[in-house]
Amino acid sequence: MVLTIDHLSKHYGRIQAVDDLSLSVEEGNIFGILGPNGSGKTTTLGMILNIIFPDSGSYDWFGGRYGSNPRRHIGALLETPNFYPYLSALDNLKIVAHIRKAENPDYDGILEIVNLRGREGDLFRTYSFGMKQRLAIASALLNDPDVLIFDEPTNGLDPQGIAEVRETLLQIAQRGKTILMASHILDEVEKICSHVAILKKGRLLATGQVGAILSNEQWIEVEATDREKLKALLATIPEVQSVTEKEHFCIVATKPGFQAATLNQKAFQQGILLTHLVSRNKSLESEFLQITKEDLV
Amino acid sequence: MLYLLQLEWLKQRKHRPFLMLGALYILLLPSSLLIAKSIKEWPPPINTPDTFFRFPDVFIYLGYVGNWLTFFLLGFISVLFITQEFSSRTFRQNIITGLTRADMFWSKLYFLITVALGATVYYGLTAMALGIIHSDALYSSVILKHIDYLPRFFVMCLGYMSFGLLLGTWIRRSGFALFLFFAYGIFIEPVLRWGVHQNLFRHKSMNFYPMNAFEDLVPIPFSEMTKGFEKEFGFQFFLTGQEAMITSLVYIALFLVATYALITRRDL
């Protein structure tokens with residue numbers, strides 16, 4: 001077990017930021033912590049990184065393998081990229097390497113990964129936000145830590161920056177690293193993570209494999225001149241899972257991969273004329289909103 | 001220890017305010033005293049400007065110039081080199097990266113001691129150079145008469161800087177911390193001592209305030225001129241060297257313990 005969180009709680013005044021949170025992350029997991037803003041994601045990461053003291057509860061890194069200060073073996077980017085503005089990117093990385101006691105840090109290699117080669121001599125304060133974010137990822141990667149933690153890694157980036165950061169994260173994930181990532185963007189968690197925990201108001205609502213928690217369903221809205229014939233046809237198609245009748249059309253839930261065009265073709269062969277045919281994916285966003293609204297555990 | 005000192009050096013070696021304030025100290029320490037040369041006639045007991053530069057009194061005069069300079073320049077550095085870590089959120093990042101809070105405290109303290117040591121060595125060398133140039137005859141007993149000014153100067157630097165470190169750690173915002181540092185040294189403490197303490201109890205205890213103790217380590221020259229007032233008040237206006245030293249060391253210890261407590265117990 002890489003990380004075990006045991007009944008962790010933290011409050012700020014009357015706000016319960018994290019409420020009795022228990023989690024465990026295994027080696028090789030790409031673990032997403034998903035929740036709306038203010039759900040306690042950053043507070044949780046702050047506590048397990050020892051910058052915020054918990055009110056109660058405990059956590060354990062690597063089963064205690066690295067003693068009381070395991071953070072040299074964790075690469076983390078929390079909220080904003082934080083560096084000395086008056087130093088160059090390389091000078092900043094040298095400080096990180098010194099703190100981590102890195103023997104022979106591969107500056108070129110990690111700068112290559114985040115696409116900052118050639119800009120390492122520039123002062124940090126001259127960097128664009130996207131570059132700062134990528135430098136933070138580079139510094140997290142320095143000295144090859146066992147676990148990487150990213151808090152909202154694409155926050156505040158433009159679309160190109162988002163694409164670049166995601167690409168970088170996927171590359172890192174493919175190398176078999178354990179990654180812990182907090183995000184309020186469902187799509188991001190779904191694209192990158194293997195496991196997910198959903199937080200709301202500091203409480204854990206659900207945790208498990210991404211596929212089990214966030215299912216990806218699709219359905220088709222369909223209507224024909226003769227609805228009875230249409231229903232008879234739908235009953236014969238094995239990919240159809242359920243049919244719900246509405247006033248102006250039927251909602252047909254299908255197995256993933258079933259094409260609306262196939263339905264159109266079959267109906268035409270049976271002499272059924274369709275007047276309405278729309279293919280829809282059940283929105284993950286709405287499912288996520290549903291989960292956080294219903295408070296299910 | 002070397003590891004933590006190296007870490008702080010990596011942070012400061014290209015930090016412009018640190019380099020500029022350091023350069024200013026190196027420049028101003030001898031030149032401020034040398035300004036005295038531009039005035040040819042001095043009232044007794046000085047008479048000629050050369051008095052300032054002769055052994056053994058050059059240690060006293062240069063020390064008093066250094067007193068002001070270290071309060072302003074080293075004080076500034078000591079506030080800034082910790083608030084900088086808060087304003088760019090690098091304190092937090094250093095902990096995340098793997099430093100412990102205690103490491104952070106010690107790296108700051110080691111650096112502070114190194115700067116104080118450097119300032120003292122420079123003071124000693126400058127005093128020696130000025131003395132050798134301006135004294136007609138060199139006797140080791142005369143040269144070394146005020147050699148105790150070296151440890152006093154060092155503790156004074158440490159005192160100003162540990163106070164700055166505490167304020168910077170406590171307040172975190174460089175502007176306000178700097179303001180409070182200078183306001184306390186120049187205005188608040190004198191008002192507390194002369195306005196409040198002296199009126200309530202006219203007692204020697206009014207001298208045992210931190211900035212006053214640090215100041216009296218390397219005191220204003222001609223302190224004997226206040227003897228007349230002292231008779232009237234019934235006690236001395238200045239701490240003796242020993243009193244100043246012990247009082248300063250106690251305050252420095254208190255400031256450092258408080259800084260350590262703040263650094264190790266607060267959320268970042």
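**View 1. Two domains of chain A, with 45 Å between their C-alpha centres.** In this predicted model, chain A splits into domain 1, covering residues 3-212, and domain 2, covering residues 218-281.

**View 2. The largest nonpolar core, with 132 residues.** Helix α3 of chain B (residues 58-87) is the top contributor, giving 14 residues. Elsewhere, a second, separate core holds 8 residues, among them Trp219(A), Ala224(A), Phe249(A) and Val252(A).

**View 3. A closer look at the surroundings of Ile149(A).** Once neighbours within four places in sequence are set aside, Ile149(A) is in contact with Leu45(A), Ile74(A), Ala76(A), Leu77(A) and Leu180(A).

**View 4. The contact between chain A and chain B.** Chain A brings 24 residues to this contact and chain B brings 21. On the chain A side, helix α2 of chain A (residues 89-100) supplies the largest share, 7 residues. That side of chain A comprises 14 nonpolar, 5 polar and 5 charged residues.

**View 5. Confidence along chain B.** The mean pLDDT of chain B is 90, and 96% of its residues score at least 70. Helix α7 of chain B (residues 149-171) has the highest confidence, at 96, while helix α10 of chain B (residues 227-233) has the lowest, at a mean of 67. For the model, ipTM is 0.88 and pTM is 0.83.

Notes. Residues numbered from 1 in each chain as written. Chains lettered and ligands numbered in written order. Predicted model: local features only at pLDDT ≥ 70, side-chain atom pairs only at ≥ 80, totals over all residues. Domains from an automatic or database assignment. Core = buried A, V, L, I, M, F, W, Y, C linked by C-beta atoms within 7 Å. Buried ≥ 20, exposed ≤ 12 C-beta atoms within 10 Å, placed from the backbone. Helix = DSSP H or I, 4+ residues; strand = E, 2+ residues; numbered from the N terminus. Contact = placed C-beta atoms within 7 Å. Nonpolar A, V, L, I, M, F, W, Y, C, P; charged D, E, K, R; others polar. pLDDT = per-residue confidence, 0-100.
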